[in-house]
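Welcome! Have a look at the model below, and then let us walk through its aromatic residues together.

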Amino acid sequence: MSMVVTFAEICIPIFYLYQIIFFLFFRKKEPKESSLKHYKFTCVTNFLIFCATCPLGFFIGVMATDSPDSNFGFILGFLFITGLPLLFFTWSLIDVLILQKEATNRYIN
């Protein structure tokens, strides 16, 4: 029995580990323009990972729903797959928006 490891099985956990380390330890209060580019890249990558996991999340959510009246099972099934990508996407989007606002305020003043 041979195990085949795909590119996504290796890169996505490494990317999330990198994000956790970056967001918790290496964030700067006064970012430079190069770090703003880094935050934008991270936000776009998180958005793409979230979009890639959405179809599987919808499938798991529909299969987890016992009755058509229960939306709670669908939400739990959806967030089981897409919860972590959604968390990282919203986190990076908030950072990009805050840094973009600081950058525009710095140029205006």
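## Aromatic residues in a helical chain

Phe47 has a relative accessible area of 40%, so the residue counts as partly exposed. This is a predicted model, and in it Phe47 sits in helix α2, which spans residues 33-64. Together with Val44 and Leu48, Phe47 makes up a nonpolar surface patch with about 280 Å² of accessible area.

Let us step back to the whole chain. The chain has three helices and zero strands, giving the pattern α-α-α along the sequence. Of its 109 residues, 30% are buried. The accessible surface is about 8100 Å², and carbon and sulfur atoms contribute 74% of that. Among contacts with a separation of 6 or more, 69% join residues 24 or more positions apart.

Now for the rings: the structure contains six aromatic pairs. Two of them are set out here.

| Pair | Centre to centre | Angle between planes | Class |
|---|---|---|---|
| Phe50 and Phe89 | 6.4 Å | 5° | stacked |
| Phe74 and Phe78 | 6.2 Å | 15° | stacked |

Phe50 belongs to helix α2 and Phe89 to helix α3 (residues 72-108), so their pairing ties together parts 39 residues apart in sequence.

Phe74 and Phe78, by contrast, both lie in helix α3, four residues apart, or about one turn of the helix. Is each of these two buried or partly exposed? Phe74 is partly exposed because its relative accessibility is 24%, whereas Phe78, at 14%, counts as buried.

Methods: Residues numbered from 1 in each chain as written. Predicted model: local features only at pLDDT ≥ 70, side-chain atom pairs only at ≥ 80, totals over all residues. Heavy atoms only, no water. Patch = residues over 30% accessible without salt bridge, like charges linked within 9 Å, V, L, I, M, F, W, Y side chains within 5 Å. Areas by Shrake-Rupley, 256 points an atom, 1.4 Å probe, with all protein chains shown as cover. Salt bridge = Lys/Arg side-chain N within 4 Å of Asp/Glu carboxyl O. Helix = DSSP H or I, 4+ residues; strand = E, 2+ residues; numbered from the N terminus. Buried < 20%, exposed > 50% of the residue type's maximum accessible area, 1.4 Å probe, protein only. Contact = heavy atoms within 4.5 Å. Phe/Tyr/Trp six-rings, centres within 6.5 Å; stacked < 30°, edge-to-face > 60°.
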